[in-house]
Amino acid sequence: MNGNTPYAGLPGETQAGKRAAADVPTLTSTQKRLLHRDVSRIAARTREFLPDEYVVDADVSSGVGGPQVTVAVRPPVGHAVSAGFTPNLENATEEIITSDERSEVARGLAASAALQVKRAVSDNVTPTGK
């Protein structure tokens, strides 16, 4: 079965492997610095929307298609939520992730984390009145 796929053989020695390696963008030191700064801004903005009991963390890693950004929130109860995406590196001079994108991700994560808490405690809370 493996002989029928373009991915057969040793890594880097197939046409598919050579093509895939050439398509992966590499970050310059300036782009790395900008990306880490922008991701830190998303995490900071998310923290502004939430109480101190929520843990917010951000990470930049290398994926198959290039750099991957992940911002995660761990609420005090309920499941953790995260947002992951591949940033657009073209034409990035001042910022890689725009202010609007940072705000949108932060608001979405904060809302999702608050919803997780609501779902976790909704069965245990008796309404006091209607």
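What covers the buried residues of H3? I looked, and the cover includes H2, E2 and E3. Before going on, I noted that this is a predicted model, where local features need pLDDT of at least 70, side-chain atom pairs count only at pLDDT 80 or more, and totals for chains, interfaces and linings use all residues. Residues are numbered from 1 along each chain as its sequence is written, and side-chain values use heavy atoms, with hydrogens and water left out.

**Entry: the parts**

I found three helices and three strands in the protein. For my own record, both are DSSP runs numbered from the N terminus: helices are H or I with at least four residues, strands are E with at least two. Along the sequence I read the pattern α-α-β-β-β-α.

Next I checked burial, where buried means under 20% relative accessible area, exposed means over 50%, and partly exposed is in between (1.4 Å probe, protein chains only). Of the 130 residues, 27% count as buried. The exposed surface comes to about 9,000 Å², and carbon and sulfur atoms supply 50% of it. Those areas come from the Shrake-Rupley method with a 1.4 Å probe, and for residues only the protein chains shown count as cover.

I also looked at contacts, meaning heavy atoms within 4.5 Å. Among contacts with a separation of 6 or more, 51% are between residues 24 or more positions apart.

**Entry: the sheet**

The three strands form an open sheet in the order E1-E2-E3, with antiparallel pairing. Two strands pair if DSSP finds at least two bridges between them. E1 (55–63) and E3 (81–85) are at the edges with a single partner strand each, so one side of each has no neighbour in the sheet. From one strand to the next, the twist averages 15 degrees.

I went through the pairings. Nine bridges join E1 to E2, which is residues 66–74, and five bridges join E2 to E3. Thr 70 made a handy landmark: Asp 59 stands opposite Thr 70 in E2, and in E3 the bridge partner of Thr 70 is Gly 84. The hairpin of E2 and E3 has six residues between the strands, and there Gly 78 takes a positive phi near 95 degrees.

**Entry: helices on the sheet**

H2 (residues 29–49) lies across E1, E2 and E3, at about 155 degrees to E1. H3 (residues 99–121) lies across E2 and E3, at about 155 degrees to E3. The axes are lines fitted to C-alpha atoms, for helices over the stretch in contact, and angles run from 0 to 180 degrees between N-to-C directions.

I checked the helix lengths too, taking the expected span as 1.5 Å times one less than the number of residues. The 21 residues of H2 should span 30 Å, and the end C-alpha atoms are 31 Å apart, which agrees.

Which elements do the buried residues of H2 pack against? They pack against E1, E2, E3 and H3. The buried residues of H2 include Leu 34, Leu 35, Val 39 and Ile 42. Those of H3 include Val 105, Leu 109, Ala 113 and Val 117.

**Entry: charged pairs**

How many salt bridges does the structure hold? I got four, counting a side-chain nitrogen of Lys or Arg within 4 Å of a carboxyl oxygen of Asp or Glu.

Asp 38 kept turning up. This residue is buried at 0% relative accessible area, and its side chain meets that of Arg 37 in a salt bridge (3.2 Å, N to O). Arg 37 is partly exposed at 30%. Asp 38 also meets Arg 102 in a salt bridge (3.6 Å, N to O). Arg 102 is in H3 and Asp 38 in H2, so this pair ties together parts 64 residues apart in sequence. Both Arg 102 and Asp 38 are buried.

Last, I looked at Glu 48 and Arg 45, whose side chains meet at 2.7 Å, N to O. They are three residues apart in H2, separated by about one helical turn. Glu 48 is exposed at 58%, while Arg 45 is partly exposed at 32%. Elsewhere, salt bridges that share partners join Arg 37, Asp 38, Glu 95 and Arg 102 into one network.
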